[in-house]
Amino acid sequence: MTAANQELVERVTRLVVEALREHADPRRVLLGVSNRHVHLSLEDFRTLFGADAPTVKAHVVQHGEFAANEVVTLVGPKGMMDRVRVMGPCRSRSQVELSRTDCYALGIKAPVAQSGHLDDAAPITIIGPKGRVDLDHAAIIAARHVHLGPEDARRLGVKDQDLVSVRIEGDRAAVLDNVICRVKDNFTSEVHLDTDEANAVGVRSGDRVTILVDGIC
Ligand SMILES: [Zn+2]
């Protein structure tokens, strides 16, 4: 075997061992940082883009979800933000996910809320190339949460909507409480934080964090 091949074999072996180790312990979970983004209803997508569906720019970790090529402009009482990414596919209701910092810039008082819980969501205007929509209840600051498949949830001893704590390592090490468990068949285990939270504790997408539970099955 050449030295280059030898090195390749060693690298692949290391990756496989690492993957097996991660698989063995469901407490060690991938982290994803969510930048500001927009989910749109089909009706609102048609109004903004004059088309029937967002187009795929890049798939994300969660199965079936993707970052679209389409971007919009957000408008609030104090400012606007260009090139905000649309996420696909379309959902039953439009939803704008912002950080607290974004809310200050836009002049919007959005609540910390779980995705889809829009009763108290703040008003916001979205502008696309073909039109605009003024939404009464759409802007939220997404509550920190962890996506879990049923098997990992079972091994961790948690169920949908349970709250867990997550330990972050590194220079800005911290424990984040009140992380909502979201359990669904097609979910891949992944903790989601917004950019404010991620910057405060010094983590990036692709890092690993630890769910703090007493034991695993
Ligand atoms: Zn999420």
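Helices (H or I, at least four residues) and strands (E, at least two) are taken here as DSSP runs and are numbered from the N terminus. On this basis, the secondary structure of the protein comprises five helices and 14 strands. The structure is a predicted model, in which local features need a pLDDT of at least 70 and side-chain atom pairs count only at pLDDT 80 or more, while totals for chains, interfaces and linings use all residues. Residues are numbered from 1 along each chain as its sequence is written.

The C-alpha trace of the protein spans about 60 × 45 × 35 Å along its principal axes. A residue is described as buried if 20 or more other C-beta atoms lie within 10 Å of its own, as exposed if 12 or fewer do, and as partly exposed in between, with C-beta atoms placed from the backbone; of the 217 residues of the protein, 32% count as buried. Two residues are said to be in contact if their C-beta atoms, placed from the backbone, lie within 7 Å. Among contacts between residues at least 6 apart in sequence, 68% join residues at least 24 apart.

The domain assignment, whose bounds come from an automatic or database source, gives domain 1 (26-32 + 144-212) and domain 2 (35-141). The C-alpha centres of domain 1 and domain 2 lie 23 Å apart, and twelve residues of domain 1 are in contact with ten residues of domain 2. On the side of domain 1 that touches domain 2, at least two residues each are supplied by strand 1 (28-34), strand 10 (145-148), strand 13 (190-194) and helix 5 (195-201). The residues of this side of domain 1 divide into three nonpolar, six polar and three charged, where Ala, Val, Leu, Ile, Met, Phe, Trp, Tyr, Cys and Pro count as nonpolar, Asp, Glu, Lys and Arg as charged, and the others, Gly among them, as polar.

A closed barrel of six strands runs in the order 1-13-10-12-11-14, with mixed pairing; neighbouring strands of this sheet are turned by 40° against each other on average, direction ignored, the axes being lines fitted to C-alpha atoms and the angles running from 0 to 180 degrees between N-to-C directions. Strands of a sheet pair through backbone hydrogen bonds, either parallel or antiparallel, and two strands are treated as paired if DSSP finds at least two bridges between them. Strand 1 and strand 13 run parallel and are joined by five bridges, with Val33 standing opposite Leu193 in strand 13. Strand 13 pairs with strand 10 in the antiparallel sense over three bridges; in strand 13, His192 stands opposite His145, and Glu190 is the bridge partner of His147. Strand 10 also pairs with strand 12, in the parallel sense and over four bridges, where Val146 has Cys181 as its bridge partner and His147 stands opposite Arg182. Strand 10 is covered on both faces, with His145 and His147 buried on one side and Val146 and Leu148 buried on the other, while strand 13 is mostly covered, four of its five residues being buried.

Asn178 is placed in strand 12 (residues 174-183) and counts as exposed because it has 12 C-beta neighbours inside 10 Å. When neighbours within four places in sequence are left aside, Asn178 is in contact with Arg144 and Leu163; Asn178 and Arg144 are 34 residues apart in sequence, and their C-alpha atoms are 7.4 Å apart in space.

In helix 2 (residues 42-49), the residues Asp44, Phe45, Leu48 and Phe49 are buried. They lie on the same side of helix 2, because they cover an arc of only 110° around the axis, the arc being that of the directions from the helix axis to the C-beta atoms. The cover over the buried residues of helix 2 includes strand 2 (37-41), strand 4 (66-75), strand 5 (80-91), strand 8 (122-128) and strand 9 (131-142). Just after helix 2, Gly50 takes a positive phi of about 60°.

Ser41 lies in strand 2 and counts as partly exposed because it has 17 C-beta neighbours inside 10 Å. Leaving aside neighbours within four places in sequence, Ser41 is in contact with Cys90, Arg91, Ser92, Arg93 and Ser94. Ser41 and Arg91 are 50 residues apart along the chain, and their C-alpha atoms are separated by 5.0 Å.
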